[in-house]
Amino acid sequence: MPSRRTVLAATMGVTASLAVGGTAHADDKKLRSLISRMTLPEKVGQLFVMRVYGHSATAPDQADIDANLKEIGVRTAAELIAKYRVGGIIYFTWANNTRDPHQIAELSNGIQKASLSGPRGLPVLVTTDQEHGIVCRVGSPATLFPGAMAVGAGGSRADARTLGRISGAELRAIGINQDYSPDADVNINPANPVIGVRSFGADPEAAAGLVAAEVAGYQRSSVAATAKHFPGHGDTTVDSHYGFPVITHSRELWEKLDAVPFRAAIRAGVDCVMTAHIQFSALDDSGDPATLSHPILTGVLRGELGYDGVVVTDSLAMEGVRTKYGDDRVPVLALKAGVDQLLNPPNLSVAWNAVLTAVRDGELTEARLDESILRILRLKARLELFERPYVSRAGVDRVVGTKAHLAVADRIAERTTTLLVNQGSLLPLSPRTHAKLLVVGADPASPSGTTGPPTGVLARALTGLGFTASALSTGTAPSSATIASAVVEARAADAVVVATYNVTAGSSQKTLAEQLAATGRPVVAIAVRNPYDVAQLPSVPAYLAAYSWTDVELRAAARVIAGKVAPRGRLPVPVQRADDPARVLYPIGHGLTY
């Protein structure tokens, strides 16, 4: 970690110019003075938040150097900053940025040092998608919490605030100062392929309260929260990573549904709002994605909702924003629409030069760039990045993954597990009557690369609770041979636990569960992603919803199965009947207990 002397040397010029009455905040006059001294290329760079491969800012592995050269034309994060003067960096697991807390902290310090040591150096917004649940870039040993829909099932604003506070403290300790969370989408479409359990639920008022609480928690820990994906991505059957979703809500429905959590986030003082790559004709009939829509971003978000914080695009590498315009036009149009930060363009050179050319040719004014840069610098000042850009090993050890934090995560998870079906009071199970358990089902990959596999986690947790449990991974599409093998093993068990993952009418997971039930052995199913699975499996006598397959949620489900805690979760979304989707099988608020 840099020494205190290094920190002071790198920051004292900027910090001195920003100190106001001895406080850690800056006023606009001093920030505008900083902007006035920036060159045009430096201004363009401040608008970009970019990916970069490697665990180190200066000495990444050769494979990451090769990836950087291929995609960005630089070798390292330090070179990226020197060449493009980017204002932000986003961390990804797949980019090898997030191996362990100390490594992440050192990478963050290296990024800050590279930026602050340059001419007119500024601190960097270091960000990631740490939603918890199924979207999580920083893994164990950091504290991992239940995801949004699980928190929605718990229904506790205090828990949402605590999640944000603890997660924010751990992120800040490793040098991540902005989180692209919470998800403020209202998920009313069971077929939504990209949001689903990332949403707090289908009730806009309930979601709004939890969004605002989580925002308050993160920002109390000096991490910028980001409400996404404006104007609302909760009712689509298309994933904007791979296509261009069209939202058909009326303006009236948008006001009553999609807008509610975003209004709550803005009232809570959210630092950032992320745009959606969706067409929302009731708000803009041009056919442009919201990310590129002046009526939506400037007219609605800034004008009607009164938001004057930072607006960041969703990733510009996603197909939803690239279907209508080329990669050289997208960043320019986004800025003209009212965006401040351009996230992760597929080709940084193309995007960066397009913005530079647009200013030099008069399509964008330098004053327009200054507006966005002022918002970005206000955020950096509010986060005290001019005064304390660096983190320490001692801070990592003191804050990240502490026993107290892990215990809080477990307790929150216990309040989210939802018991949907319990025929004949099958649950809770007792080791005295059902000593030998077989755990089968889907084992989706760990969101952070540090947890799972789910069947193994469940088996270990149940064994720790007094059962003798074994695991058999059968996957999301078990073959006939796999099903037959599971049935044979089930006959030797006292009960079977099945982890289901997005079961459809034609899914062989359904066949697996039905054949296991036909053995006569008691079957307990756990929906480890969407709770809608229960509608496809009426033959299963006991069904739980965990809302994700990360360890903290699975351990909580195991404790509920064993009766160590009573189920307390309530459905935050309705579950429709499989044979008649127009009819509700289980309404919002359904949840059994014992």
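The following dialogue discusses how to read several features of a predicted protein model.

Trainee: On what conventions do the values rest?

Mentor: The model is predicted, so local features need pLDDT of at least 70 and side-chain atom pairs count only at pLDDT 80 or more, while totals for chains, interfaces and linings use all residues. Residues are numbered from 1 along each chain as its sequence is written, and side-chain values use heavy atoms, with hydrogens and water left out.

Trainee: How many helices and strands does the protein chain have?

Mentor: Helices (H or I, at least four residues) and strands (E, at least two) are DSSP runs numbered from the N terminus. The protein chain has 21 helices and 20 strands.

Trainee: What radius of gyration does the protein chain have, and what would a compact globule have?

Mentor: The radius is taken over C-alpha atoms, and the globule rule is 2.2 Å times the number of residues to the power 0.38. For 594 residues a compact globule would have a radius near 25 Å, and the protein chain agrees, at 25 Å. Its C-alpha trace spans about 75 × 55 × 45 Å along the principal axes.

Trainee: What percentage of the residues is buried?

Mentor: Buried means under 20% relative accessible area, exposed over 50%, and partly exposed in between (1.4 Å probe, protein chains only). Here, 62% of the 594 residues are buried. As for contacts (heavy atoms within 4.5 Å), among those between residues at least 6 apart in sequence, 76% join residues at least 24 apart.

Trainee: How many disulfides does the rule give?

Mentor: A disulfide is a covalent bond between the sulfur atoms of two cysteines. The criterion is a pair of cysteine sulfur atoms within 2.5 Å, and the count comes to zero.

Trainee: Why is helix H18 described as largely enclosed?

Mentor: Helix H18 covers residues 454-464, and eight of its eleven residues are buried, so the rest of the structure largely encloses it. Among these buried residues are Val 457, Leu 458 and Leu 462. The buried residues of H18 pack against strands S14 (436-441), S15 (468-473), S16 (495-500) and S17 (523-527), and against helix H21 (551-561). Just after H18, Gly 466 adopts a positive phi of about 110°.
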